[in-house]
Every structure is written in structure tokens, then in C-alpha cells.
Amino acid sequence: MNKKLLVLLLAGALINPLGAYAEDEAANTEPVATQEASTSDNLAKLKEKYGFTDEQIKAMQDSKISESQYSMVGALAKESGKSVDEILKMRTEQKMGWGKIAKELGVDPKVLGQSVSSMHRQDDTEMKKERKEAREARKEERKQKREEKKEARKEERAQKKDKKVQ
């Protein structure tokens with residue numbers, strides 16, 4: 001009896017994580033168009049904030065650093081007066097860490113964290129604004145539906161009253 005219970009528990013444990021993984025994968029898949037749109041939005045923000053050119057963006061993409069690190073490159077370039085290419089060489093060819101690059105350029109390493117967090121704050125502000133607009137739209141829609149129901153009830157009452165009069 002105990003062996004059967006143990007086998008069933010083990011089988012359930014093996015099957016369940018696989019199902020949960022499949023559910024997670026399905027939930028995490030974002031349409032490619034949405035991903036590309038958010039990427040282009042982020043690149044536009046970075047271009048605006050740090051004055052990146054298309055060539056500099058292409059160089060960062062070719063260097064295989066993640067997009068979240070683009071803001072660190074921009075902050076280091078802005079604070080140190082060095083070019084984006086020089087900073088990328090330090091990172092990719094000399095295999096230096098971001099903190100070491102900052103120290104070598106005479107930039108306080110906290111600038112790196114501030115550059116990343118400022119991008120996140122900007123994203124958070126935009127998301128909050130979008131949520132607020134969606135909330136207001138839903139609120140207006142509910143209000144309109146209530147008004148329609150109210151009008152329908154008035155018409156229904158008027159029709160009942162007319163029937164009684166006849």
C-alpha cells in the first residue's frame with residue numbers, strides 16, 4: 001500500500017512541474033511585435049537622453065551587450081567625455097567590469113546604477129499613466145452603460161404605463 005502511494009506521489013511530482021513549466025512558458029510568451037515596439041521605444045529614449053547616433057546603437061548591438069547596459073555606456077560616455085566606442089572596447093576587448101571602467105574613467109560607480117534606475121523610473125511613470133488612462137476609460141464605459149440601462153428602464157416603465165392607460 002505504501003509503495004503505491006509513494007509511486008503515485010513521485011509520478012505526480014514529475015508530471016506537475018512539467019505542466020507548470022508549460023503554463024509559465026505560455027504566459028511568458030509576448031507577441032514579437034510588442035517586444036519590437038518596446039525595444040524601439042527604449043532605443044528612442046536612450047537616443048534622446050544620451051544623444052546616441054544610429055551608428056553608436058549599432059556598435060552596442062554588435063558588441064553583444066544587453067539593452068539594459070546601453071544606459072550605462074551612455075552615462076559613462078557623458079560623465080567621462082570618452083566616446084561610446086572607447087567604453088565598448090574597455091568592456092568587450094579588455095573584459096573590464098562596469099565598476100572598474102567607471103573608476104578608470106574617474107566616474108563615481110553610483111552613476112551606473114542611477115542611469116539604469118532612471119530608465120526604469122521613466123518606464124514606471126509611463127506605465128502608471130497608461131494604467132490611469134485605461135482605468136478612466138473603463139470608468140467612463142461603466143458610466144455610459146449605467147445611463148443606457150437607466151434609459152431602458154424609463155422606456156420600459158413608459159410602455160407599461162401606456163398599456164395600462166389603453
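Just after helix α6, Gly 106 takes a positive phi of about 80°. Helix α6 itself spans residues 98-105, where helices (H or I, at least four residues) and strands (E, at least two) are DSSP runs numbered from the N terminus. The model is predicted: local features need pLDDT of at least 70, side-chain atom pairs count only at pLDDT 80 or more, and totals for chains, interfaces and linings use all residues. Residues are numbered from 1 along each chain as its sequence is written, and side-chain values use heavy atoms, with hydrogens and water left out.

**Overall architecture**

- The protein chain contains 7 helices and 0 strands, and its pattern along the sequence reads α-α-α-α-α-α-α.
- Of its 166 residues, 20% count as buried; buried means under 20% relative accessible area, exposed means over 50%, and partly exposed lies in between (1.4 Å probe, protein chains only).
- Among contacts between residues at least 6 apart in sequence, 55% join residues at least 24 apart, a contact being heavy atoms within 4.5 Å.

**Helix α6**

- Trp 98, Ile 101, Ala 102 and Leu 105 are the buried residues named in α6.
- Seen down the axis of α6, the buried residues fall within an arc of 100°, so they line one face of the helix; the arc is that of the directions from the helix axis to the C-beta atoms.
- An α-helix has 3.6 residues a turn, so residues three or four places apart point the same way.
- Lys 100, Lys 103 and Glu 104 are exposed on the other side of α6.

**Helix α4**

- In helix α4 (residues 70-80), 8 of the 11 residues are buried, so the helix is largely enclosed by the rest of the structure.
- These buried residues are Tyr 70, Ser 71, Met 72, Val 73, Gly 74, Ala 75, Leu 76 and Ala 77.

**Packing of α3 and α5**

- Two packed helices are described by the angle between their axes and the distance between the axes.
- Helix α3 (residues 54-62) packs with helix α5 (residues 84-92) at an angle of about 5°, and their axes are 10 Å apart.
- That makes α3 roughly parallel to α5; angles under 35 degrees count as roughly parallel, over 145 as roughly antiparallel, 65 to 115 as roughly perpendicular and the rest as oblique.
- Axes are lines fitted to C-alpha atoms, for helices over the stretch in contact, and angles run from 0 to 180 degrees between N-to-C directions.
- From α3, Gln 56, Ala 59 and Met 60 meet Val 84, Asp 85 and Leu 88 of α5.
- By class, the contact of α3 with α5 has 4 nonpolar, 1 polar and 1 charged residues; Ala, Val, Leu, Ile, Met, Phe, Trp, Tyr, Cys and Pro count as nonpolar, Asp, Glu, Lys and Arg as charged, and the others, Gly among them, as polar.

**Aromatic pair**

- Rings of Phe, Tyr and Trp (its six-membered ring) pair if their centres lie within 6.5 Å; planes under 30 degrees apart count as stacked, over 60 as edge-to-face and the rest as tilted.
- By this rule the count is 1 aromatic pair.
- The ring centres of Tyr 50 and Phe 52 are 5.7 Å apart and their planes stand at 40°, so the pair is tilted.
- Tyr 50 is buried, with a relative accessible area of 16%, and Phe 52 is buried, with 7%.

**Positive phi outside glycine**

- Lys 64, in the loop between α3 and α4, has a positive phi near 70° and is exposed at 73% relative accessibility.
- Lys 95, in the loop between α5 and α6, has a positive phi of about 55° although it is not a glycine, and is exposed with a relative accessible area of 68%.
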